[in-house]
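Colleague: Hi, could you walk me through this one? I'd like to hear about the sheet and then the ligand.

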Amino acid sequence: METRACEVVVIGGGASGLKAARQLVESGVDALVLEARDRVGGRTLSQTLVNGVTIDLGGQWVAPTQYRVLSLAQELGLGIFPTYEDGDGVVFQGGERSFFSGRTDADDPVSSADVKQGRLKLEALAASIPLEAPWTHPDAQALDRITYADWIEQNLTTDFGRWLFNFNAPGVFSVDASELSMLHVAFYFGAGGGFGVVTGTRGGGQDSRFHEGMQQLSIGLAKGLGERVLLNQVAGRIRQDDEGVTVWTDELEIRAKRVIVALSPTLAGRIRYQPALPALRDALTQRMPMGTAIKMMLVYDRPFWRDGGLSGFALTDCDVPQLIYDNSPEDGSCGILLGFTEGLPARRWIAESAEARRAEAIRTAVGCFGSEAGSPRDFIEKSWMEEEFSRGCYAGTMTPGSWTTFGTALRAPVGRIHWAGTETATYWNGYVEGALQAGERAAAEVIEAVRN
Ligand SMILES: Cc1cc2nc3c(=O)[nH]c(=O)nc-3n(C[C@H](O)[C@H](O)[C@H](O)COP(=O)(O)OP(=O)(O)OC[C@H]3O[C@@H](n4cnc5c(N)ncnc54)[C@H](O)[C@@H]3O)c2cc1C
């Protein structure tokens with residue numbers, strides 16, 4: 001076993017760990033990054049198709065309020081372009097399709113008013129959450145005791161309103177509304193600037209995409225760090241003592257003053273800690289499960305649905321996929337439909353073959369966009385729960401009771417161990433923006449500790 005020494009070890013070469021390492025190095029702190037995979041970028045993964053078009057199998061969108069992402073993109077010279085949304089959206093339910101323009105809405109005024117008041121209530125609640133400490137909200141206990149599904153049942157009165165809010169949950173969290181603490185839902189929307197911003201396209205969470213793929217953000221950060229990033233190094237054990245920490249991978253033993261664990265709580269909980277972590281911190285790692293999402297793309301010669309005035313956006317009652325976006329390149333040189341299967345449907349379909357999922361995705365696309373959708377020239381998918389070093393996405397979420405019982409353990413350092421990763425963010429938690437914010441915060445903690 002090779003031994004190394006540095007001032008700070010960062011575990012995880014996703015956006016969060018790389019951002020932390022960069023900040024440390026810029027402050028004159030000697031840091032090394034251990035990355036389990038043979039690539040950086042974690043939950044972002046870009047792939048170039050034979051026609052030269054780059055697609056993202058992980059994170060892909062950036063919002064205008066994701067300032068850290070936008071500034072890093074600018075620094076790295078990465079171009080972005082707006083998500084295509086001209087034309088009507090499709091609702092495909094019970095084998096029938098209907099159309100809508102603008103935000104998803106009901107045909108009848110009563111349901112429409114119900115959706116509007118539900119959105120306003122959720123916006124007000126999200127805006128009231130203290131993002132650094134959601135458990136201090138005056139109604140924290142009551143909100144943490146109920147699920148998002150309970151809140152929908154109590155606050156929406158029409159079938160359509162309830163359907164729409166329940167439908168939205170896996171799209172944002174990749175778990176069912178019945179699995180989420182309502183306090184977490186309010187926190188998450190609050191951290192992203194509100195329900196409308198998080199779920200919206202123009203001006204919102206799905207506003208723009210990267211020509212060269214979102215993984216380039218991490219690749220760019222890693223390039224700047226050079227040999228400080230060590231790939232294929234799975235951190236398995238962390239021991240801390242009065243003088244420092246020792247981190248072990250299969251091949252390396254690294255001695256340092258501090259360590260930043262830039263992983264989701266689920267994966268952080270799989271490392272062995274000596275001495276063992278405090279009970280609350282370990283319990284937290286058991287209460288923030290990763291969601292389930294399968295991201296799939298159907299590639300066509302051209303975005304034919306645009307001819308008929310359709311935006312390529314569709315909501316379906318099918319399992320595969322539930323939600324569809326136009327994911328074509330900006331110049332429309334080929335047509336790409338992006339589908340998401342999330343939450344319970346994803347768990348139902350995860351054991352099926354890729355071929356079965358492909359056939360189902362094509363069937364759904366034909367239902368939404370007509371027979372031309374029946375002959376894609378390519379089908380590409382990524383099932384994130386099966387990834388050993390992600391074990392799901394988009395992020396770890398809080399189950400009922402977790403924020404108020406274990407929330408204080410989310411960011412609090414344990415001796416010389418500091419926590420990063422998007423799950424610890426207070427701004428755009430769950431997104432790449434949150435990952436960068438968390439990396440900055442953890443690095444600042446460590447810089448102060450190392451200097452004192
Ligand atoms: C399908 C999908 C769609 C998404 N859509 C968007 C989107 O449109 N916009 C957006 O902003 N965000 C999106 N996200 C979320 C976004 O990708 C994540 O929030 C972000 O990438 C998390 O970064 P991170 O550094 O916190 O964690 P990760 O990216 O998970 O990085 C953790 C790193 O640690 C490594 N690792 C794990 N265990 C160990 C170990 N024991 N030792 C060493 N290394 C280890 C992993 O390999 C990984 O590289 C999406 C994610 C997915 C999967």
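Modeller: Happy to. One term to begin with: two strands count as paired if DSSP finds at least two bridges between them. Also, this is a predicted model.

Colleague: Got it. Which residue in β18 does Asp88 stand opposite?

Modeller: Asp88 faces Leu310 there. The strands involved are β8, residues 88-93, and β18, residues 310-316; they run parallel and are joined by 4 bridges.

Colleague: And what's the strand order in the sheet?

Modeller: The order is β9-β8-β18-β19-β20-β17-β21, an open sheet of 7 strands with mixed pairing. β9 (96-100) and β21 (378-383) are at the edges with a single partner strand each, so one side of each has no neighbour in the sheet. From one strand to the next, the twist averages 20°.

Colleague: Switching to the ligand: which residues come nearest?

Modeller: Of the 37 residues around the ligand, those are Glu35, Arg43, Trp61, Thr422 and Gly430. The side chain of Glu35 has an N or O atom 2.6 Å from a ligand oxygen. A polar backbone atom of Ala36 is 3.0 Å from a ligand nitrogen.

Colleague: How much of the ligand does the protein bury?

Modeller: It buries 97% of the 1,000 Å² that the ligand exposes when taken alone.

Colleague: What's the shell made of, by class?

Modeller: There are 19 nonpolar, 14 polar and 4 charged residues.

Definitions and conventions:
Residues numbered from 1 in each chain as written. Predicted model: local features only at pLDDT ≥ 70, side-chain atom pairs only at ≥ 80, totals over all residues. Heavy atoms only, no water. Helix = DSSP H or I, 4+ residues; strand = E, 2+ residues; numbered from the N terminus. Axes fitted to C-alpha atoms, helices over the stretch in contact; angles between N-to-C directions. Near = heavy atom within 4 Å. Polar contact = N/O pair within 3.5 Å; in protein donor to acceptor, adjacent residues only side chain to side chain. Areas by Shrake-Rupley, 256 points an atom, 1.4 Å probe, with all protein chains shown as cover. Nonpolar A, V, L, I, M, F, W, Y, C, P; charged D, E, K, R; others polar.
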